[in-house]
Amino acid sequence: MTAPQRHADDEAAIRAVAAAWVEATRQGDVAAVLRLMTDDALFLVAGQPAMDRAAFEAASRAQAASGLRFEIRQQIHEVVVDGALAFARSWLEVSVTPPGGVAPVKRTGHALTVFRKDGGHWRLCRDANMMAKVS
């Protein structure tokens with residue numbers, strides 16, 4: 001009986017990490033986002049080379065400094081936990097608004113995120129993002 005409860009607790013913890021990621025991104029809190037990922041995190045986006053944690057941090061700090069505003073809606077459709085690894089399958093809607101009244105850029109699409117238990121906490125270790133620009 002303890003195994004299903006542990007799985008439910010793990011799933012809730014992973015959903016909490018995803019929600020914290022969205023909120024930290026909205027607020028431009030790069031340090032908070034970095035705490036939610038492993039040191040070897042890797043990000044995959046169609047048409048671009050894989051981005052490691054250092055490249056992600058540099059891009060995130062540049063975005064925060066530029067004053068971009070993010071609005072994000074995430075629907076997690078599935079969380080699967082297997083030991084110290086888990087994945088979440090999501091649908092994302094992201095709107096990025098530059099400063100100065102410029103129209104926002106909107107993207108939507110699927111994401112597959114892998115989490116690893118690290119130091120007793122679930123952290124993002126891989127993210128495959130398949131969002132496309134909405135015209």
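Mentor: Start with the lining of the largest pocket. By class, the lining has 27 nonpolar, 10 polar and 4 charged residues. Nonpolar means Ala, Val, Leu, Ile, Met, Phe, Trp, Tyr, Cys and Pro; charged means Asp, Glu, Lys and Arg; the others, Gly among them, are polar. Keep in mind that this is a predicted model: local features need pLDDT of at least 70, side-chain atom pairs count only at pLDDT 80 or more, and totals for chains, interfaces and linings use all residues. Numbering runs from 1 along each chain as its sequence is written, and side-chain values use heavy atoms, with hydrogens and water left out.

Trainee: Which residues lie nearest the centre of the largest pocket?

Mentor: F56, Q63, F70, N129 and M131. They belong to a lining of 41 residues. A pocket here is an open set of points on a 1 Å grid over the protein atoms alone, where a 1.4 Å probe fits, with protein on both sides within 12 Å along at least five of seven lines; lining residues have an atom within 4 Å of a point.

Trainee: Which element gives the most to that lining?

Mentor: Helix α1, with 8 residues. Other elements supply at least two residues each, including α3 (53-66), β1 (37-45) and β6 (121-129). Helices (H or I, at least four residues) and strands (E, at least two) are DSSP runs, numbered from the N terminus.

Trainee: Let's do α3. How far does α3 reach?

Mentor: α3 reaches 20 Å from its first C-alpha to its last, over 14 residues. That is close to the 20 Å expected at 1.5 Å a residue.

Trainee: Which residues of α3 are buried?

Mentor: R53, F56 and S60. Buried means under 20% relative accessible area, exposed over 50%, partly exposed in between (1.4 Å probe, protein chains only).

Trainee: Where do the buried residues of α3 fall, seen down its axis?

Mentor: Within an arc of 60 degrees, so they line one face of the helix. In general, an α-helix has 3.6 residues a turn, so residues three or four places apart point the same way. The face of α3 turned away from its buried side carries A54 and A65, both exposed.

Trainee: What follows α3?

Mentor: G67 does, and its phi is positive, near 85 degrees.

Trainee: New topic: strands. N129 came up at the pocket. Is N129 buried or exposed?

Mentor: N129 sits in strand β6. It counts as buried, because its relative accessibility is 14%. C125 is also found in β6, and at 4% relative accessibility C125 counts as buried.

Trainee: Last one. Where is A20?

Mentor: A20 is in helix α1. A20 counts as partly exposed, because its relative accessibility is 32%. The C-alpha atoms of A20 and E78 are 18 Å apart, and the chain separates the pair by 58 residues.

Notes. The expected span of a helix is 1.5 Å times one less than its number of residues. The arc is that of the directions from the helix axis to the C-beta atoms.
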